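Okay, hi everyone, thanks for having me.

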Amino acid sequence: MKEKRPVIKVPKKEGERTLKKLKKEERLDTERLIKQSDNELVIPVIKGGNDLSDDLQKKPYQPTPFEKVKISIDIPERLKARLPSRWERIGNVLLIKLPDELMEYKNIIGASYARVLDADTVALQGDIVGRTREPIIDIIHGSDTETIHLENRVKFKLDTAKLMFSSGNIDERIRMSKVDIRDDVVVDMFAGIGYFCLPMAVHGSPKNIYALEINPTAIGYLKENCVINGVDHIVSPILGDNRDFSFRSDADRVVMGYLHNTWIYLPKALEFLGGEGIIHFHTLVEEGNIARDTMIQLERGGIDDAEIKDIRKIKSYAPRIYHVVVDIEIGR
Ligand SMILES: C[S@@+](CC[C@H](N)C(=O)[O-])C[C@H]1O[C@@H](n2cnc3c(N)ncnc32)[C@H](O)[C@@H]1O
């Protein structure tokens, strides 16, 4: 007799919402297929559920993209365990890391990852250096490093050999696209190619965004990105050190998407706000001391009585170090 396993039975119209919830809670059983009748869905779950069933079909075995890479690659079998199971995809470019023992096969590996994962270029990812956060990469397959990365209906064009794009910041880019910025004047102090100001301009309705950026290569792409996203009438890219600007003191919101002693730039952010508004302050803090580290940095930057609306973890940056964003309300 077949074993009965948990399922959730829901009316079809509730299917999409239920699936989303189950995926978020990691309760969806991906080994069995969902069954549908005229008006009901039977969804397999790992635990919980409002019924039991024994007649859901097993899903046919599908190798994961990484398994496909491993099968297709022509290197000694014993080395396959050392292949990277993770990669960063920026548009048509894949960034991977390889241990030393795989370096002599780097071109074979690059070609396989490109073929299986449908990328034009594969490069080894090195450090990101300096104030302008330039990546060091080594191309192991293909040649073109310029690409357009599409995310949340925003097009980010960039040269991945010259500029960074942090996949780990995706949740924050999406969050910034949803913040209510209607009619706001925004200053993005570290605009890059438009990591935050593009989602804000594409999805929100700000009055305008002043996008300050010190790196001429980044500002070139930012200008192009404003045009290809149809927001060049909203975003004004300005080249230079943000501390050299004193053109506004009535901004409603300042975005500080930079991670290296960001507090140094807080007095300038306060000047842009002219006494009132919101700062989205990105910084690095130690695990277990998030609130304490945040307060110390804000005080160093001249903020001691502002209201902290939120502190959100964005990603782990180094062992025991988190990248967080702090939403600070000034003077309201
Ligand atoms: C690359 S972004 C940081 C990562 C980004 N938040 C993300 O989501 O991927 C930081 C940008 O700030 C720029 N920058 C650094 N110091 C600056 C300054 N004083 N004024 C203006 N731009 C600056 C760098 O050139 C860089 O493009």
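So, the ligand: 20 residues surround it, and the closest are Asn169, Glu213, Asp241, Asn242 and Gly257. Keep in mind that this is a predicted model.

What kinds of residues make up that shell? By class, there are eight nonpolar, eight polar and four charged residues. And where in the chain do they come from? Domain 2, residues 65–144, and domain 3, residues 164–330, each supply at least three residues of the shell.

Now let's look at some contacts one by one. Glu213 uses its side chain: an N or O atom there is 2.6 Å from an oxygen atom of the ligand. With Ile214, it's the backbone that takes part, with an N or O atom 3.2 Å from a nitrogen atom of the ligand. Asn242 also brings in a polar backbone atom, and that one is 2.9 Å from a nitrogen atom of the ligand. How much of the ligand does the protein bury? Taken alone, the ligand exposes 600 Å², and the protein buries 96% of that.

Okay, second part: a sheet. A quick reminder for anyone new to this: strands of a sheet pair through backbone hydrogen bonds, and they can do it parallel or antiparallel. Here we have an open sheet of four strands, in the order 2-3-1-4, with antiparallel pairing. Strand 2 and strand 4, which is residues 51–53, are the edge strands, so called because each pairs on one side only.

Strand 2 pairs with strand 3 over two antiparallel bridges, and Lys35 stands opposite Val42 of strand 3. Those two strands form a hairpin, with three residues between them.

Next step: strand 3 to strand 1, residues 5–11. Five bridges join this antiparallel pair. If you want one to find on the screen, look for Ile8, whose bridge partner in strand 3 is Ile43.

One last question: why is strand 3 described as largely enclosed by the rest of the structure? Because four of its five residues, in the stretch 40–44, are buried. In this model, buried means under 20% relative accessible area.

Note on methods. Residues numbered from 1 in each chain as written. Predicted model: local features only at pLDDT ≥ 70, side-chain atom pairs only at ≥ 80, totals over all residues. Heavy atoms only, no water. Near = heavy atom within 4 Å. Polar contact = N/O pair within 3.5 Å; in protein donor to acceptor, adjacent residues only side chain to side chain. Areas by Shrake-Rupley, 256 points an atom, 1.4 Å probe, with all protein chains shown as cover. Nonpolar A, V, L, I, M, F, W, Y, C, P; charged D, E, K, R; others polar. Domains from an automatic or database assignment. Buried < 20%, exposed > 50% of the residue type's maximum accessible area, 1.4 Å probe, protein only.
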